[in-house]
Amino acid sequence: MIFFHNVRLLDPAAGLDQPGELLVRDGRVADLGPALGRPDGAEKIDGGGAVLCPGLVDMRVEVGEPGGEWRETVASAAIAAAAGGITTVAALPDSPLPIDDPALVRLLRVRGEETGSLTILPYGALTKGCRGIDLAELGLLREAGAVAFTDGARAVGPARLMRLALTYARRFEAMVIQHPEEPTLAEGGAATEGELATRLGLPGIPAEAEAILVGRDIRLARLTGGAVHFAHVSTAAALALIRQAKDAGLHVTCDTAPPYFDLNETAIGDWRTFAKLSPPLRADADRQAVAAALRDGTIDAVASDHQPRDPDDKRLPFAQAASGGAGLATLLGVTLAQVHGGALPLARAIELLTAAPARLLGSAAGTLAKGAPADLCLFDPERIWQVVSGALPGHAQNTPFDGRALEGKVVGTWKAGRRVFGG
Amino acid sequence: MAPPQKHLLAIEGMYPPRIAAFLDLAESFVLLNRTGKTPRDRLRGRTMINLFFEDSTRTRTSFELAGKRLGADVINMSVSTSSVNKGETLIDTATTLNAMHCDLLVVRHAASGAPALLAQKVEASVINAGDGTHEHPTQALLDALTIRRRLGGLQGLTVAICGDVLHSRVARSNIFLLSAMGSQVRLVGPPTLMPAQAERLGVTVFHDMAAGLAGADVVMMLRLQQERMTRGLVPSAREYFRFYGLDEAKLAHAAPHALVMHPGPMNRGVEIASSVADDPLRSVIREQVEMGVAVRMAVLDMLSHSGANR
């Protein structure tokens, strides 16, 4: 038994935000309320007024397995996740060995269970080998536990293929997750097209590449009745289309990642390859639009978009360097920067990191409800720390936030009632 | 006064008096080159390596001559671009060169920013001899020297840079240099070969040669690579020449004293007509090559004695 005392209970799924206490028994939330009193034999944890919320649910993570173990392993990702207050992740299927077979879906689930600290909800490959040609066995993958379908960092290019995918996935009540970037416009690009890319002589990707695919896929969602989810949305134009589609009642949802509301394209100045991401960092007007969309509900969830990269992937001339940034350890802190900046209520921020992604993934995680597994994150919203590449928990160190001072740090993480970080 | 300069990676952000200092020193080397009395003790005992990841005969030769005329020990290294892991080669090469205690490293690379990456990893002074579509600083300096000697200065001139600006590192370095020195820069080319938000660089953009060249003091042509046609950016060479190739009719829109420049190598009949390229009254293309050696001598000399080096 664990008895949390002197904590701010924050559970957006239940609309709960109040000082109180919480009791964990047999790995589950046994009770919570303003004053429970410590039962005999319970381990007491004095939160000192820190926030106790559900363990974070991160819906976009590359876990390195199977096949990319030199960049990340499930074990090292679990360490970084625990330090970031994350207890559930959805794993991308475009690993070196793509998750296009039911056995691989089961493998990833088991690999997560083996860590004892992290639930892995695997995405299934949308197409065989994530090659973007033929649909994968969506039904069999779904039976094996795939939570949704996507080709990961690869956009589904042909309209016919996307139509088929939305139509067929609907039969299995699964959404299709799109990397919204029109591939022929993005080909060879290394930065957002504009003045900065022009000055640096970098091949550009127009920001419109995002809205073009979003606009098309919204129409296909209308045509098919399927559910489409846009990952790491980064532009005002795409968000405007998504807002309209939601107003029209279509099955359209989206997420974004912290770099897109915290950084703009100037972060790539001096050829900083750690800030080379896909989609690329945008102009500041787009960054501001993303931040506003967190608040107004256009964006459904915030995901880390954790893309572990090796130094050899990044210590290259900018255009040749791999894109992607490590994000597990900084997910909460960078999102809280929006709260401290006054742009986002704390409860909304936590909803974007817990209940909202859990709902999208059809997962029961992300709540403090009585009887729910005690996946918990205890964080001090005011504690200050600095992001330092080389000193991050876990293996991947390719953070685009290197040097950034953050306010808000996880002090403890529990998985099914067992402490997996802090203390 | 700006701090001593260790590398020459880009023109962008360079302090105008420093640009002028490079040009003034280069000017003195022009005369010494012509008389054959170059100061061969200036770089005696220093090692300069030409590290070219992209094929180039003229730029490499120009740097080699410049180094030798100042007495440096010059070594040429050509690294094949066909090797699978270009990037690893770059860092590995840097490590190797560091161990050799080279003083001056002249780098050409197909990727923008590659010399800047090398500069972080080696102790030598790094000179950018062209990186991707980013910059080619010594080309801009030699162009400026050529113009200055012919027209007496750079302030107040109108310079039209014409052609494939999108892929041109020569254009970028010239835009930054000429703007810093008070020239008005125009970019002229097809819309498919114009970089995004080019006007934000402080230039005026034209898509018509007659308008873009009107009254210009300098017409600077850029090379059009065959690859632009195969990738569909330009429908054909003949169409390109019709609208953007510099011939006498188009040149007639420029000022009567206008200079014709080209960084070479030229595609005759694509971006420039032979009658213009070879016109001794208008074309300064051969002179540009001569100025190239003088400018590179000035760069090698100044970086070697800047205080950032021994």
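Start by selecting D284(A) and R287(A): both sit in helix 10 (residues 284–296) of chain A, three residues apart, or about one turn of the helix. Helices here are DSSP runs of H or I with at least four residues, strands are E runs of at least two, and both are numbered from the N terminus. Show the side chains, and you'll find D284(A) and R287(A) in a salt bridge, with the closest N and O atoms 2.7 Å apart. The rule for a salt bridge is a side-chain nitrogen of Lys or Arg within 4 Å of a carboxyl oxygen of Asp or Glu. D284(A) itself is partly exposed, at 27% relative accessibility. For that label, buried means under 20% relative accessible area, exposed means over 50%, and partly exposed is in between (1.4 Å probe, protein chains only).

A word on the ground rules before moving on. This is a predicted model, where local features need pLDDT of at least 70 and side-chain atom pairs count only at pLDDT 80 or more, while totals for chains, interfaces and linings use all residues. Residues are numbered from 1 along each chain as its sequence is written, chains are lettered from A and ligands numbered from 1 in the order in which they are written, and side-chain values use heavy atoms, with hydrogens and water left out.

As for confidence, the model scores ipTM 0.92 and pTM 0.94. Colour chain B by pLDDT (the predictor's confidence in each residue, from 0 to 100): the mean is 93, and 95% of the residues of chain B reach 70 or more.

**More of chain A**

Next, pick R315(A) and D312(A), whose side chains meet in a salt bridge at 3.6 Å, N to O.

Now select helix 13 (residues 346–353) of chain A. Six of its eight residues are buried, so the helix is largely enclosed by the rest of the structure. The buried ones are L346(A), R348(A), A349(A), I350(A), L352(A) and L353(A).

For a contrast in setting, go to G249(A), in the loop between helix 8 (236–247) and strand 15 (252–256) of chain A. G249(A) is exposed, with a relative accessible area of 55%.

**Over to chain B**

Select E64(B) and R60(B), whose side chains meet in a salt bridge at 3.9 Å, N to O. Why can they reach each other along the helix? Being four residues apart in helix 2 (residues 58–69) of chain B, they are separated by about one helical turn. E64(B) is buried, at 16% relative accessible area, whereas R60(B) is partly exposed, at 23%.

Then zoom to S168(B), in the loop between strand 5 (158–162) and helix 6 of chain B. S168(B) is buried, with a relative accessible area of 8%. A polar atom of the S168(B) side chain lies 2.9 Å from the backbone nitrogen of A171(B). Leaving aside residues up to four places away in sequence, S168(B) touches T133(B) and L222(B), where contact means heavy atoms within 4.5 Å.

**The interface**

Finally, show both chains together. How many residues of chain B are in contact with chain A? The count is 23 residues of chain B against 15 residues of chain A. The area buried between the chains is about 1600 Å², with carbon and sulfur atoms giving 57%; buried area is the accessible area (1.4 Å probe) that two parts lose on being put together, summed over both. Highlight S112(B), A196(B) and L201(B): they supply 23% of the area that chain B buries against chain A, more than any other three residues.

The rule finds two salt bridges across this interface. One to select is R199(A) with E12(B), where the closest N and O atoms are 2.7 Å apart. On the chain B side, helix 3 (86–99), helix 4 (114–121) and helix 6 (169–180) each give two or more residues. Helix 3 of chain B has the largest share, five residues.

Last stop: hide everything and count salt bridges over all chains, and a search of the whole structure finds 33.

Notes: Polar contact = N/O pair within 3.5 Å; in protein donor to acceptor, adjacent residues only side chain to side chain.
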